[in-house]
Amino acid sequence: MRRSSSAGRPAAGGRAPRQRAGDAEQLGFEGMPERLFVCTPSKLGAYADCPRRYRYSYVDRPAPPKGPPWAHNSLGASVHTALKNWYALPADRRRPEALATLLKGTWVREGYRDDEQERAAYRRALGWLEAYVETLEPDSDPLGVERVVAVKTAVLAFNGRTDRIDSRPGPEGPELVIVDYKTGRTGLDTDDARGSQALALYAYAAERVFRRPCRRVELHHLPTGTVAGHDHTVESLARQLTRAEETARDIMAAERAVADGADADEAFPVAPGPRCGWCDFRRHCPTGSQVPGKEPWAAMDRPADG
């Protein structure tokens, strides 16, 4: 016999049917694992730098419009893509003379003050690349170029795109090395490599993806031709992971607070400082808007260290 579509509903003027034993366990969510915080290094870094910037980027919908593109970001993206395409060439074509074509094909023109500054930036970038590839072995292929690595913990669902993953001989067999290209106008040292949470998380994830030890992280600074490296331990990687999980918990608590009606400005407070002048959302932030904004090309005029 066909069941009435009204089954389970209270009859007019009557009481709802008594809940059967076990229904509460079937319908409830007690004991369900908490959702993981899906993140990238830039997402975690945005909150660590300024919770308000994180809110503008990832919480507010629609997100406030960003300011104009930055020339230094355009330069960095152009160089990174040229190096990716360098490794995509057959080994016998990986020669310095190929770089001009590669860089022109990847060049991002946004943010520069004028054509003269852009041309100077292109020449500078080409010089960096030509000097850098002289240090590389054209016949040697990295284990990964622009490779995404991902890992889950009790708190995080982390994923990130590494610039390069090398495989190098170790005392007990092949070991992985995380390589990150840098084009900023400031030289880097071992403290930068040791303190980089992003590099540590890449190493932690890569070790689990490839099932090989990955403790070495390196920052390759193209403007000065220097390499800043650090050899992590199991303990130091665990400390960086714990820091990331603590940040994730803070973010999730702030997001829950806003969902429950808390003031978003209080849940995601501003962290004023020199970064405000460079912030994409400075115009929308009451605190940041009090700081003079940088021109999109300002970083291109700063002298390089080293």
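Q: In the hairpin of strand 5 and strand 6, which residue takes a positive phi, and how many residues lie between the strands?
A: That's Gly 225, with a positive phi near 65°, and there are 4 residues between the strands. Before going on: this is a predicted model, so local features need pLDDT of at least 70 and side-chain atom pairs count only at pLDDT 80 or more, while totals for chains, interfaces and linings use all residues. Residues are numbered from 1 along each chain as its sequence is written, and side-chain values use heavy atoms, with hydrogens and water left out.

Q: What makes strand 5 and strand 6 a pair?
A: Two strands pair if DSSP finds at least two bridges between them. Strand 5 (residues 214-221) and strand 6 (residues 226-231) have 6 bridges, in the antiparallel sense. Strands here are DSSP runs of E, at least two residues long, and helices are runs of H or I with at least four, both numbered from the N terminus. As for who faces whom, His 220 stands opposite Val 227 in strand 6.

Q: Which residues touch the most other members of the largest nonpolar core?
A: Phe 37, Leu 156, Ile 178 and Ala 206 do, out of 37 residues. Helix 8 gives the most to this core, with 9 residues. "Buried" means under 20% relative accessible area, "exposed" over 50%, and "partly exposed" in between, using a 1.4 Å probe and protein chains only.

Q: Which residues is Ile 178 in contact with, leaving aside its neighbours within four places in sequence?
A: Contact means heavy atoms within 4.5 Å. Among the partners of Ile 178 are Leu 199, Tyr 202, Ala 203 and Ala 206, along with Cys 214 and Val 217. Apart from this core lies another one, of 27 residues, including Trp 86 and Leu 89.

Q: Why is Cys 276 called buried, and why is Cys 279 called partly exposed?
A: Cys 276 has a relative accessible area of 9%, so it counts as buried. Cys 279 has 21%, so it counts as partly exposed.

Q: What makes Arg 35 and Glu 255 a salt bridge?
A: The rule asks for a side-chain nitrogen of Lys or Arg within 4 Å of a carboxyl oxygen of Asp or Glu. For Arg 35 and Glu 255 the N to O value is 3.5 Å, which passes. Arg 35 sits in the loop between helix 1 (23-27) and strand 1, and Glu 255 in helix 9, so the pair ties together parts 220 residues apart in sequence. By this rule the count comes to 18 salt bridges.

Q: Glu 118 forms a salt bridge with Arg 109; is Glu 118 buried or exposed?
A: The closest N and O atoms of Glu 118 and Arg 109 are 2.7 Å apart. Glu 118 is at 9% relative accessibility, so it is buried, whereas Arg 109, at 56%, is exposed.

How values were computed:
A nonpolar core is a set of buried Ala, Val, Leu, Ile, Met, Phe, Trp, Tyr and Cys residues joined through side-chain atoms within 4.5 Å.
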